[in-house]
Amino acid sequence: MSTQTTATGRDPGATGQPPGRSRRRTRHAGALTVLVVPFFVLFTLFYLVPIGYAVFRSFRTVEREGTFGPATEVFGGLTQYEQVFASEAFWASLGRVLLFGVVQVPVMLGLALVLALLIDSPLVRGKRFYRLAFFAPYAVPGVIAAIMWGFLYSPSLSPFTAVTSSVPLLGGGLVLWAIANVVTWVYAGYNMLIIYSALQAIPGEIYEAARIDGAGQLRIAWSVKIPLVVPALVLTGVFSIIGTLQLLTEPQVFRSFTTSVSSTFTPNLVVYTTSTVPNFNLAAAFSVVLALLTFVLSFVFLRLTQRKAFQ
Amino acid sequence: MSILTRTEGYGPTAAPDSRGVRERPMSRLVAFVIMGAFTLYFLVPIWWLAVASTKSRGQFASTAGLWFADFHLWDNLTYLFTYDGGVYLRWLGNAVIYAGVGALLGTLLASMCGYALGKYVFRGRNLLFNVILGGVLVPVTALALPLFLIFSAVDLTNTYWSVFLPSLVSPFGVYLARIYAAASVPDELLEAARLDGSGEVRTFFTVSVRLMAPALVTIFLFQFVTIWNNFFLPLVMLSDEKLYPVTLGLYAWNSQTNAVPELRTAVIVGAFVAIVPLILAFLGLQRFWRGGLAAGGVKA
């Protein structure tokens, strides 16, 4: 984000100058309105207003007069949040995706890094083919990837029945990791390409210097390339963490292949299940808590990795 | 962003193979084995899907999964496109409207806004940009329920609009358009257009848009994929099957296969038909989107 200092510099409005002083600015006001307003109106309507409304709903509660009396919605303070913190299913689902993330994100990014380094190294021929082959799964939507792997895991329909009939990949113990494999399959190639693009941006002279010092490919990869692609790794890391906390599609599809995926398997499934009850105020509170946790976790990750990168 | 402008240099010839002359054969072999194994990992599932979609229902379960049996692709396609009054074709059309038209309009809106942020100085510009940048970090799944609440407040759930309108907004597109406009549209050119008497908006549509074309293709492709892949939003918004995009339709069919086993054929062929255009589009347009990925990598 710090790369965003363009030549145009500081916002003059922030310096306390009276607005409209510059003739140029006034002249373009109409054009700017045409260019900016359409996007900003939609952004407000479909990003800012929904977020604000979800927060508003999370503070509401339904009250009834007697058991069968008319229901009225009133300000409920932290009533919904008390329920969120008391919800064992929600915290269990959060623990599940955290465990998932602690294993799946490093494995996927490690794999993406190794494949990117190999494609970038002089050891491999046919780079173009590998790049496309590894990236192809990204073009498969999550729903279809999950359906496909659901069949591949199935004890009777899989082409690998030798494995799937003896190992219960869709059983309660393994299904989380079966989902982790689907996510890795879809996104490893995408992350590989981001890291590979960062590798391509390293000037060739750096390698020349390392080669003259007698460094082999492994040594160059470890001491020169990896430190230089840390920003790309941090970026893919943040987006992977966000994606993990928001996990929904794959487990929801797997619910038709196995009974081991409960309706509260991930935090977003808790949100969805609560909203189909329907209990929108509680679902909104779950959403708000999940969004805040996502934000905090990505922020902590950024702080930790940046400290490491600059030591 | 300098990486973005260098995409033309990419290609198989960009990496000099001569560097590798001195590498030991053993290292090459190990590298080849690793690359081969992962090529299988990434491509075998797609291969399986392609093969499975050519099999009849009986042979699907009874023959070896990774090779062809009797060729039934045409029968399967007929079954797919006629099942339930041809609803699959409708789902494909819906997906093209949501993702195709949505990404097209979304790219236009995002590039206009990003261009204004990149080329003009105005009051509140930085605040506006930072708010939009915050939107990049908000995942589409997190917005689905809040959007549902808003749309049900105005009684518009279960309509085309409820999926189409929110999909138009691409904060990442604004971000990309801004850095690309700042780098590729020279101020002198805008000044010259002004002297010629061209209005600012007209200059954008006649001159600047052409200079920004590579960024626009990238924004379009990534927004297309985001909308095509968005599952949660149509899941919560739509109850009328006729409005489903193809992914939600396949999900619905797949949920019924336990009760209606013959639907399995439709699910498999339908999944295959749905991914082929996307894979082809990605392969055909790769020199554009790879530049976008590189620009994305600069973000951190």
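Biologist: In which strand of chain A is A:Arg64 found?

Modeller: Strands here are DSSP runs of E with at least two residues, while helices are runs of H or I with at least four residues, both numbered from the N terminus. By that rule A:Arg64 belongs to residues 60-64 of chain A, which form strand S1. The model is predicted, so local features need pLDDT of at least 70 and side-chain atom pairs count only at pLDDT 80 or more, whereas totals for chains, interfaces and linings use all residues. Residues are numbered from 1 along each chain as its sequence is written, chains are lettered from A and ligands numbered from 1 in the order in which they are written, and side-chain values use heavy atoms, with hydrogens and water left out.
The strand asked for is S1.

Biologist: Is A:Arg64 buried or exposed?

Modeller: Buried means under 20% relative accessible area, exposed means over 50%, and partly exposed lies in between, with a 1.4 Å probe and protein chains only. Because its relative accessibility is 52%, A:Arg64 is classed as exposed.

Biologist: Which residues does A:Arg64 touch, not counting residues up to four places away in sequence?

Modeller: Contact requires heavy atoms within 4.5 Å. With residues up to four places away in sequence left out, the partners of A:Arg64 are A:Gly69, A:Pro70 and A:Ala71.

Biologist: How far apart are the end C-alpha atoms of residues 97-120 of chain A?

Modeller: The unreviewed UniProt entry annotates several spans of chain A as "transmembrane region", including residues 97-120 and 220-242; positions follow the numbering used here, feature names are shortened, and such annotations may be inferred rather than shown by experiment. In the model, residues 220-242 of chain A are 96% helix and 0% strand, with end C-alpha atoms 32 Å apart. Residues 97-120 of chain A are 100% helix and 0% strand, and their end C-alpha atoms are separated by 33 Å.

Biologist: How many helices are there in chain B, and how much of chain B is buried?

Modeller: Chain B has zero strands, and its helices number 15. Of its 300 residues, the buried share is 54%.

Biologist: What is the area buried between chain B and chain A?

Modeller: The interface brings 113 residues of chain B into contact with 103 residues of chain A. Buried area is the accessible area (1.4 Å probe) that two parts lose on being put together, summed over both. Carbon and sulfur atoms give 73% of this area, and the total is about 10,300 Å².
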